[in-house]
Amino acid sequence: MKPWWQRLLGYAPKEAWGLGAVGTLTLLSVAIETLKPWPMKLLVDNVLEGKGMTGEVDALLERISGDAPTAQVGLLALATVLLAVASNLLGAVQRYVQTLVGGRIHYRLAEDVFAQLQQLSLSFHARSQAGDLMRRVMSDSGCVKDLILSVCLPAITALLSLVAMFGVMWALSPMLALLALVAAVPLVWLMHWLSGRMSDTVYVQQQMEGQLNAVAEQSLGALPLVQAFGRERRERERFRKVSRQTLGAYLSALAPQLQFRIGVGAVMATATAALLTLGGLRVMEGELTIGTLLVSLSYLASLYAPLETLAYLSVSYAGAAAGARRVLEVLDATDKVSDKPDAIELPKDGQRGTVRLESVCFGYEPGHPVLKDVTLEVRPGEMVALVGATGSGKTTLAMLISRFYDTWQGQVLVNGVDVRTVKLASLRAEIALVPQEPFLLPLSVADNIAYGRPDASWAEIEAAAKAANAHEFIERMPQGYDTVLGERGVTLSGGQRQRLSIARALLKDAPILILDEPTSALDNETERSVMDALHHLMKGRTTLMIAHRPTTIQRADREVVLNGGVLCGFDWGKNRSTLKFGP
C-alpha cells in the first residue's frame, strides 16, 4: 500500500490550476524578498558614502534620479515602499488563493471520509463514537490541506528562498555565506531529534480531542435522560476528566515544540553574533563595505526564516501525519456492506415480493450468534407477524433482509435472488422500513415524509400523512407541512414521530414492508386508526411485522415465534391465545 503522504498528495492534481497560481505567486514573492535589502545597500554605500552609482542597476538609478543625492535618497525610499507594498499585496493574494485551494482539497477529502462512513456497516458504527467520527470528518480531514499547503508548499518556498539568498550572499562574501550554511547543521539535528516525539504526541492529542467530542455529543444527545435522573454533576465530572486528559496530551505535544523553538532561537542568535563579529572585522579592515554587511545581516535574518520554516515542517508534518492516520483508519476500514463487482439489479418480476431466509446464522460478536439456523419464507402479499421475547433476534432478522449486515451462514433471498448478489440501491428500493425508534431530520415535515421519495407530489405527501393519521396534527403546526422539525423531532410527541415515520414508509410505496413495532408509541385509539390504514395499504404487499402487542398482530396471516435466535413455533390460525414462546 502507498505511504499515507503519497495517498494524500493524490488530491493535489485536482487543484492543479490553484496550486500553479500559488507557485507563481511564490516565485514572485521570493524575488521581491531577495530585492528588499538592496535599497538600503545602495543608500549606505553609494549615496551616504558618496561613492556614486556604478554598474548597470546603479547607472539606471542615476539616469532616473540624476546626480543629486537628495533625489537618489527619495528614489531609494520610494523603491523600499514599493517593494514592501508589492510584497504585502502578493502575500494577500497568495493567502486568498491558498485558502481557496486548501478549503477545496480539505472538503474533498472530508466528502470521501463521509461517503465511506455512510457505507460502513452498522456494526462499525456501533463500535465507534459519533463525536469522534465527526471530528475525523470535519477536522482530521484537514490533514491533506496541511500536508500540501503547510508542508510541501512552505518547503518549496523555503528552498527557493535559500538558494536565491545564499547565491546573493556568496556573491557578496563567500566567507559569510559559508558561515550561515554551517550554522544550519544544528537545525537539521534538532529536526531529526524531535520530529518523532512531535508526531507521536500530536497523534495522542488528536485522539483525546476526538474522545472529548464524543463525550460532549453523548451527554448532550441524552440530555433529557441526564436531567431526569439528576446526573448533571456526573456528566460534568466525566467531561472534566476527559478534558484534563486532553489538556495533558496537548501539553505533552507542546513540550517538544517549545524545546525546538528554544534550540532554533539559540542557533540563530549564535550565528547572527558570529556573522556580526566577522563581518564587522572585515569592514574595519576595508574588505567589506558597510552596506554589504547590512545586506548580509538582513539576508541572514531572511535566510534563517526559511531554515526555521524547514525546521518547523516536522511539526506541521507531525500534525498532518496524525490526522492522516485517523482519516485513513476510516478510509481503509473494510467492515462494510457494499456491492460486489458483478452485482446485478434486483429482478422485479416473477417472484417479486418474496422473502426467504435459508439456514441463516448471524451475530454481532464472533462466537455469539443472535440468529441460529433460521429458515423462513414470506410469500408475496402475505403479512407475517414476527413475535418473541426482547432480544430474541426479531429486529436483527429484519435488518438482514435489507442487508444492513451480511449473514455468517445461509442465504437471504428477496424476489428469489440472494441479496449479496444484487445492488444495494435496487434492493432497498424494494423495501420500506419503519424502525422501532423513529428517525426524523431537522427538515420540514413535508421533506421528512418525502425523504424516501423526494420527487413525490404535494398531494401524495398529504395522502400518506392522512393514511398514517398524521394530517390533523400537522395542520395544527405553525407552518403546517412547511414546519421545520427540531433535531431528531424532539418538538413532537413519540406518537407523532412514529406516525410521520409510517407516512414516510407508506409514501415510498415499496412492495415489501418491514414494520418494527410501528404502533408502540401510539395510544389505543390512534393505533386502531393507523392499523386500519396499514391494513388497506398492505394489501398486495409482503409485510413483516415485528410486534409485542396482541392488537398489532390481529390481522396477520401468520405468526412466527423467535426464541433465543431460534425459529421455534408458528401460529397458522387465528387463535392467538395458543401462541407460546419457546419450543
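This report walks through a predicted model of one protein chain, from its overall make-up to a few local details.

## The chain as a whole

The protein chain has 583 residues, and 46% of them count as buried. Its secondary structure comes to 20 helices and ten strands. The accessible surface amounts to about 28900 Å², with 61% of that area belonging to carbon and sulfur atoms. If you look at contacts between residues at least 6 apart in sequence, 76% of them join residues at least 24 apart.

One pair of residues shows how sequence and space can be compared. Leu28 and Ala86 are 58 residues apart in sequence, while their C-alpha atoms are 9.5 Å apart in space. Leu28 lies in helix α2, which covers residues 16–35. With a relative accessibility of 42%, Leu28 counts as partly exposed.

Next, turn to helices α9 and α12. Two packed helices are described by the angle between their axes and by the distance between those axes. Helix α9 spans residues 174–182, and its axis lies 10 Å from that of α12, at an angle of about 170 degrees. Angles over 145 degrees count as roughly antiparallel, and α9 and α12 are therefore roughly antiparallel to each other. On the α9 side, the contact is made by Met175, Leu176 and Leu179. On the α12 side, Ala274, Leu275, Leu278, Gly279 and Arg282 take part.

Leu281 is found in α12, and its relative accessibility of 41% makes it count as partly exposed.

## Salt bridges

A search of the whole structure finds 23 salt bridges. Three of them are set out here, each with the distance between nitrogen and oxygen.

| Arg136 | Asp132 | 3.0 Å |

Asp132 and Arg136 both lie in helix α7, residues 130–138. They are four residues apart, about one turn of the helix. Is this pair buried or exposed? Both Asp132 and Arg136 are buried.

Arg352 has a relative accessibility of 36% and so counts as partly exposed, whereas Glu430 is buried, with a relative accessible area of 1%.

Where do the partners Arg558 and Glu382 lie? Arg558 is in strand β9 (residues 558–563) and Glu382 is in the loop between β2 and β3 (383–388), so the pair ties together parts that are 176 residues apart in sequence. Arg558 counts as buried because its relative accessibility is 3%, under the cut-off of 20%. Glu382 is also buried, with a relative accessible area of 6%.

Salt bridges that share partners also join several residues into one network: Asp132, Arg135, Arg136, Asp140, Glu209, Arg326 and Glu329.

Ser359, which is found in strand β1 (residues 355–365), has a phi near 50 degrees, a positive value in a residue other than glycine. At 35% relative accessibility, Ser359 counts as partly exposed. Asp373 also has a positive phi in a residue other than glycine, near 55 degrees. Its place is in strand β2, which runs over residues 368–378.

Terms used. Residues are numbered from 1 along each chain as its sequence is written. This is a predicted model: local features need pLDDT of at least 70, side-chain atom pairs count only at pLDDT 80 or more; totals for chains, interfaces and linings use all residues. Side-chain values use heavy atoms; hydrogens and water are left out. Helices (H or I, at least four residues) and strands (E, at least two) are DSSP runs, numbered from the N terminus. Buried means under 20% relative accessible area, exposed over 50%, partly exposed in between (1.4 Å probe, protein chains only). Axes are lines fitted to C-alpha atoms, for helices over the stretch in contact, and angles run from 0 to 180 degrees between N-to-C directions. Angles under 35 degrees count as roughly parallel, over 145 as roughly antiparallel, 65 to 115 as roughly perpendicular and the rest as oblique. Contact means heavy atoms within 4.5 Å. Accessible areas come from the Shrake-Rupley method with a 1.4 Å probe; for residues, only the protein chains shown count as cover. A salt bridge is a side-chain nitrogen of Lys or Arg within 4 Å of a carboxyl oxygen of Asp or Glu.
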